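Please examine the structure shown below. The questions that follow it are meant for a reader who is new to structural description.

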Amino acid sequence: MFELARAAPAKQCTHMMIEVTTEIGGEACPFGKRIMELADRLAQWSESPDGLSCTYLSPAHRSVAAEIAALMRGAGLLTEIDAVANVVGRYPARGQAAPALILASHYDTVRNAGKYDGRLGVLTAVVVAEHLNRLGRKLPFHLDVIAFSEEEGVRFSSSFLGSRAVAGRFDSELLERRDAGGVTLAAAMREAGLDPGEIPALGRCREELLGYLEVHIEQGPVLLDEGLPVGIVGAIAGSVRAMITVTGTAGHAGTVPMGRRQDAAAAAAELVLYVEKRCAQAPTLVGTVGQLAVPDGAINIIPGRCELTLDVRAGDDVTRDAAVSDIMAEIGRIAARRGVSFDCKEVQRAGAVRCSPRLQSMLADAVARAGVKPRHLPSGAGHDAMMFDGLTDTAMLFVRCGNGGVSHSPREIITAEDADIAARIVLDAVLRLAEAS
Ligand SMILES: [Zn+2]
């Protein structure tokens, strides 16, 4: 058996006070309060005692899966943990032969994470299903609440493992990926009692699905700045990621004249500044060098090698690809001028995803009925919803993120009021969809 690590309770953050009150059945903010309480409960399981870290198949991750499964069962859902450790709960339709509407997000986290990234979407879906079950309100479609096991890509440097499997896009080569300790994904899965051989059977097909809806914290400041509790995602940015190695010539820091150097780090620095300048030229375009290292560097050695990463995203692929191609051209110029060589290996390319106009307008109606101005905004971050593009209609509802919009940080906060509004909007949209089906 594995050891269970229970972290010290997370420090209390001050909630931003927002003037929205919600009353259902006499109690203010019932969905929101429950979501906040459940998010606190899930955050107790962590790999480290001094913050929230919950990476794929760690003991904490398995404990969270068990806790979510118990929650789903308590909410009246037919629940199982599938072959990639997704927790899947079905609120069954009136009839057997019905398509499914998926309400989902992920329960893994980055290291030193906030409590709401991913989990807000899972818990919103759970409270909505719980409410329908309490009312005994049956739908003409199955409501599949899914807590995806892996989205962040922390342990195996491959993201969306959970949603990839459900969308039928899990490539078996992924099973050979190794974590920092050399453990393959396949071995980690077997050790957790999962059978990688069952993954292909998890893939859903178009005919089985009615749509996919994900609630997620915005992870940015737009809704906060505009005083809106929620927003409707119009498109999810696609990204290109590359690992770049610059090779120059190592030399003595004291003896090689400045004009005779092939300094790999200086060449990399030029590239970093170019990425920053070029990616500031279009509204949804962003570019980041997130890792930068001089392997075997020393204070008295001219860097002979430098390794860096590149991440470029935009709301549309044309804008992004134009930036990437300019960056590659600049790499050529820097190499020629400085006498260094660059090796660029593209490690990921994901196209931008447009959310379904039909579901967006349905969400916008539900947002307006909740008394909130419908605001459409793009997502700069990738989300599980992307995996369902082309398979079924997808939509996302963003929830305002406090503290200036910070996420992937213990400072990440939302309010119970905003969570409550999001849950009511999802419930409303589900019921309208039921009427229309
Ligand atoms: Zn997330």
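Predicted model: local features only at pLDDT ≥ 70, side-chain atom pairs only at ≥ 80, totals over all residues.

Residues are numbered from 1 along each chain as its sequence is written, and side-chain values use heavy atoms, with hydrogens and water left out.

Q: Which residues are the protein donors of the zinc ion?
A: Donors are N, O and S atoms within 2.8 Å of the metal (3.2 Å for Na, K and Ca); water is not among the atoms, so sites may look incomplete. Along the sequence, the donor residues follow the spacing H-x10-D-x98-H. At 2.0 to 2.2 Å from the zinc ion lie the donors His106 (NE2), Asp117 (OD) and His216 (NE2).

Q: How many residues apart in sequence are the parts that histidine 106 and histidine 216 tie together?
A: Strands (E, at least two residues) and helices (H or I, at least four) are DSSP runs, numbered from the N terminus. Histidine 106 belongs to strand 5 (residues 100–106) and histidine 216 to strand 7 (residues 209–217), so the parts that this pair ties together are separated in sequence by 110 residues.

Q: Are histidine 106 and histidine 216 buried or exposed?
A: Relative accessible area decides the matter: under 20% is buried, over 50% is exposed, and values in between are partly exposed (1.4 Å probe, protein chains only). By this rule, both histidine 106 and histidine 216 are buried.

Q: Which residue in strand 17 is the bridge partner of isoleucine 232?
A: Two strands pair if DSSP finds at least two bridges between them. Strand 8 (residues 230–236), with 7 of its 7 residues buried, pairs with strand 18 (residues 394–399) in the antiparallel sense over 3 bridges. Strand 8 also runs parallel to strand 17 (residues 376–379), to which 3 bridges join it. In strand 17, the partner of isoleucine 232 is histidine 376.

Q: Which backbone nitrogen does the side chain of aspartate 108 reach at 2.9 Å?
A: Aspartate 108 sits in the loop between strand 5 and helix 3 (119–135), and its relative accessibility is 1%, so it counts as buried. A polar contact is a pair of N or O atoms within 3.5 Å; within protein, one must be able to donate a hydrogen and the other to accept it, and residues adjacent in sequence count only if both atoms are side-chain atoms. The side chain of aspartate 108 reaches the backbone nitrogen of glutamate 151 at 3.0 Å. At 2.9 Å, the side chain of aspartate 108 reaches the backbone nitrogen of glutamate 152.

Q: Which residue's side chain does a polar contact of 3.2 Å join to that of serine 379?
A: Serine 379 is part of strand 17, and with 2% relative accessibility it counts as buried. Contact means heavy atoms within 4.5 Å, and beyond its neighbours within four places in sequence, serine 379 is in contact with residues including Val233 and Phe398. The polar contact of 3.2 Å joins the side chain of serine 379 to that of histidine 383.

Q: Which elements give two or more residues to the lining of the largest cavity?
A: On a 1 Å grid over the protein atoms alone, a cavity is a set of points where a 1.4 Å probe fits but cannot get out, and lining residues have an atom within 4 Å of a point. The lining of the largest cavity includes Leu101, Met362 and Leu433. Two or more residues of this lining come from each of helix 9 (357–369) and helix 10 (416–436).

Note on methods. 1 Å grid on protein atoms, 1.4 Å probe; cavity = no way out; pocket = protein on both sides within 12 Å on 5 of 7 lines; lining within 4 Å.
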